[in-house]
Amino acid sequence: MGILSKLCMPNAYVQNIHQINFDELAQSGIRGVITDLDNTLVGWDEADPTPAVIHWFNKLNELNIKVTVVSNNHQKRVASFCTPLNVDYIFEARKPMGKSFKRACEHMDLKPEETVVIGDQMMTDVIGGNRRGMYTIMVVPVKKTDGFITKFNRLIERRLLNRYKRKGYIKWEEN
Ligand SMILES: [Mg+2]
């Protein structure tokens, strides 16, 4: 597989965050999660965590898995979502570039290989995690509608996914 393909390819692809088996990840040495917000935890236009999302955070807490929300969105959006959950966050992260994932790891006092990245976008979340050597889990976006830049990223994403399928790179179960 080429370098570019490796960079864009998630380690796992699931329907939603609730399908991720954290008991298994914890057993394999994962102690931290870096998660995207918009269209990963809730739809991009939903202001607050749903009861299911609150439950998901509680479960991670029980397993002693630390969490940082890393979002490219602005402070107001990210802070108002994360504060009631009492979870750390980084806003305007400029994924996939920038140092936000490195900062999140340092703040959680974890190594990249102890941390998984969860997100709905290949061009930001998956590339951002892969370039730091983290395990990356891509989820199907919660809402189908997107902003302009995201629409463009989705176009590239679809082409890459189709290419991976043709070449037989995709090992995960398709939903
Ligand atoms: Mg997103």
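Here is the tour, starting with the ground rules.

This is a predicted model, so a few limits apply: local features need pLDDT of at least 70 and side-chain atom pairs count only at pLDDT 80 or more, while totals for chains, interfaces and linings use all residues. Residues are numbered from 1 along each chain as its sequence is written, and side-chain values use heavy atoms, with hydrogens and water left out.

**Stop 1: the metal.** Select the magnesium ion. Asp36 (OD), Asp38 (O) and Asp120 (OD) coordinate the magnesium ion at 2.1 to 2.3 Å. Donors here are N, O and S atoms within 2.8 Å of the metal (3.2 Å for Na, K and Ca); water is not among the atoms, so sites may look incomplete. Along the sequence, the donor residues follow the spacing D-x1-D-x81-D. Are aspartate 36 and aspartate 38 buried or exposed? Both are buried, meaning under 20% relative accessible area, with exposed over 50% and partly exposed in between (1.4 Å probe, protein chains only).

**Stop 2: the sheet.** Switch to cartoon view. Helices (H or I, at least four residues) and strands (E, at least two) are DSSP runs, numbered from the N terminus. You'll find an open sheet of six strands, ordered S1-S6-S5-S2-S3-S4, with parallel pairing; two strands pair if DSSP finds at least two bridges between them. The edges are S1 and S4 (88–90), each pairing on one side only.

**Stop 3: strand S6.** Now pick residues 135–139. Four of the five residues of S6 are buried, so this strand is largely enclosed by the rest of the structure. S1 (residues 12–14) pairs with S6 over three bridges, and S5 (residues 115–119) pairs with S6 over four. Tyrosine 13, meanwhile, stands opposite methionine 138.

**Stop 4: the core.** Show side chains for Phe22, Val33, Trp56, Phe57, Val69, Phe81 and Ile118. Of the 27 residues in the largest nonpolar core, these touch the most other members. Such a core is a set of buried Ala, Val, Leu, Ile, Met, Phe, Trp, Tyr and Cys residues joined through side-chain atoms within 4.5 Å. Which helix gives the largest share of this core? That's H3, with four residues. A second, separate core of 12 residues includes Met122, Met123, Leu161 and Tyr169.

**Last stop: valine 69.** Leaving out residues up to four places away in sequence, valine 69 touches (heavy atoms within 4.5 Å) several residues, among them Thr35, Phe57, Val78 and Tyr89.
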